[in-house]
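Here is a protein model to look through together. Could you show me how to read its features, one at a time?

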Amino acid sequence: MSEKLQKRLVRTSFLAVFIVLAVILLGMAIANYSQIISNSDTMLKNFWNNKSFFRYVDKDEISNSEKTHSYFLFFSVIVDEQTGELLQATPNMSAEFAEKAERMAKLAILDEDKRDFVEGYRYLKNSESEDTVCIIFLDCSEKLVEFRNFLFLAGLLGTIAVSVAVFIILKSYHRVLTTMEENNQKYRRYLLDSGHEFKTPIAIILADVDVLDMELENNEWVRDIRKQAKRLDNLTSDLGLLAMMENANEPVQMIDIPVSDVIAEAASSFQMAAARHLIDLNLRIQPMICMRGNDKNISQLVAVLLDNALKYAPEESEIVLLLEQTGTSIHLSVTNRTSFLIPEESLGMLFDRFYRIQIPEDNPPKGTGIGLSIAKAIVNAHKGKIVALSPEEKVFKIDITFPL
């Protein structure tokens, strides 16, 4: 299992746990805050319905009492609707609290909402007369502090819960991924070993076919045996190469290579085959491009792409191989026409092993079906990206980007 898949699984699991906990905590916070608002509004409505309970004195008389208070759980003021100037208020306020009350009243007048919080007080305002407004304030500061403490505690517990969940997920995934990686290694080893075991009997079959061909002189059955034996030999070689490319324990040896020269040399060997099929192989290779890679793998990549293009390009068409450096990346593409339409939904599956597009019977599938899988493995080993495109009708393009 690749490291990318492991990171993706961890990120997905972390995100899922985080979203679930966030939704739960957010729901609890909203419910808690709504309860504070509801209880406060109910009390303010009761105060307003029993407004006669409040006694008011003029501004000059608010602090004239011998016994004044610097705190009120609830109080009421009457202010000028235009300026917010304090006109009357609950008596026995200290001078300091009276200033605070006037300041809060002005903020409440400027507030577009009918009820909100000002310095920890919830308030309700209604017109007292044409020019005055009555405002009742209720202290909710303790409830708000409790709510903030709840948010802090919930956030802390949520962080701990997410951390524990991620730790458990990492441990679990590590065991699962280790087992899967071991199974993949065994599978790749099986492909390599079986490929070596098949090589000898296939070589013997081909040698025997050569002897039969000399004795039977162009026998149809002998030709068919040779054809299928060679196909099996190619398939065995391709599977072995694919297993080697995907083996994470045996990374590809990378050196600085003249990739322009490597690709030009690999592509030139297909000029004769293209000419036999009346196909114009157009090589647009920017010279003097270098990259860190494996020259044999890059040659194999070009061979796979051009071989695939030659198999499906109709006669008297053009295959274009483009290599260019753009900024901090190297762009390689192979474009060819086809005699059939390529479904858009099939493009993403072309790199799967043995996947074949449903094409007309007069143009049957060719090759082993794993050439593009090998191409993708080579590109991945070079930390590049490969995509299959169909930019126009009956046009097929393989687009590859290598980092510098």
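**Reading the model, step by step**

Q: What does Asn92 count as at 23% relative accessibility?

A: Asn92 counts as partly exposed at that value. Buried means under 20% relative accessible area, exposed means over 50%, and partly exposed lies in between (1.4 Å probe, protein chains only). Before going on, note that this is a predicted model, in which local features need pLDDT of at least 70, side-chain atom pairs count only at pLDDT 80 or more, and totals for chains, interfaces and linings use all residues. Residues are numbered from 1 along each chain as its sequence is written, and side-chain values use heavy atoms, with hydrogens and water left out.

Q: Where is Asn92 found, and what is its phi near?

A: Most residues other than glycine have a negative phi. Asn92 is a residue other than glycine with a positive phi, near 70°, and its place is the loop between β3 and α2. Glu316 also has a positive phi, near 60°. Glu316 sits in the loop between α7 and β10 and is exposed, with a relative accessible area of 68%.

Q: How many helices and strands does the chain have?

A: The chain has 8 helices and 13 strands. Both are DSSP runs numbered from the N terminus: helices are H or I over at least four residues, strands are E over at least two. Of the chain's 404 residues, 38% count as buried.

Q: What is the order of the strands in the open sheet?

A: Strands of a sheet pair through backbone hydrogen bonds, either parallel or antiparallel. Here two strands pair if DSSP finds at least two bridges between them. The open sheet has 6 strands in the order β1-β3-β2-β6-β5-β4, with antiparallel pairing. At its edges stand β1 (57–58) and β4 (117–118), each with a single partner strand, so one side of each lacks a neighbour in the sheet. Within the sheet, β2 (residues 74–80) and β3 (residues 86–89) pair over 3 bridges, and Val79 has Leu86 in β3 as its bridge partner.

Q: Which strands does β10 join?

A: Strand β10 (residues 318–326) runs parallel to β8 (residues 280–285), and 6 bridges join them. There, Leu281 is opposite Ile319 in β10. With β11 (residues 329–337), β10 runs antiparallel, joined by 8 bridges; Leu323 is opposite Leu332 in β11. β10 and β11 form a hairpin with 2 residues between them, and Gly327 in the turn has a positive phi of about 65°.

Q: Which residues touch the most other members of the largest nonpolar core?

A: In soluble globular proteins, nonpolar side chains tend to be buried together. A nonpolar core is a set of buried Ala, Val, Leu, Ile, Met, Phe, Trp, Tyr and Cys residues joined through side-chain atoms within 4.5 Å. The largest one has 46 residues, and Leu301, Leu306, Ile319, Ile398, Ile400 and Phe402 touch the most other members. Elements that each supply at least two residues of this core include α5 (259–268), β10, β11 and β13 (395–403). Its largest share, 9 residues, comes from α7. Apart from this core lies another, of 22 residues, among them Phe75, Val77, Ala105 and Val133.

Q: Which residues does Ile319 touch?

A: Contact means heavy atoms within 4.5 Å. Leaving out residues up to four places away in sequence, Ile319 touches residues including Leu281, Leu306, Ala309 and Val334. Lys100 can be read the same way: it lies in helix α2 (residues 95–110) and touches Glu119 and Tyr121, again not counting residues up to four places away in sequence. Lys100 and Glu119 are 19 residues apart in sequence and 9.4 Å apart in space, C-alpha to C-alpha.

Q: What is the volume of the largest cavity, and which residues line it?

A: Rolling a probe the size of a water molecule over the atoms shows where empty space is left. The largest cavity has a volume of about 40 Å³. Its lining is Leu305, Asn308, Ala309, Val334, Asn336, Leu372, Phe396 and Ile398. The largest share of that lining, 3 residues, comes from α7. On a 1 Å grid over the protein atoms alone, a cavity is a set of points where a 1.4 Å probe fits but cannot get out, and lining residues have an atom within 4 Å of a point; points are joined across faces, edges and corners, and a volume is the space filled by probe spheres set on them.

Key: 1 Å grid on protein atoms, 1.4 Å probe; cavity = no way out; pocket = protein on both sides within 12 Å on 5 of 7 lines; lining within 4 Å.
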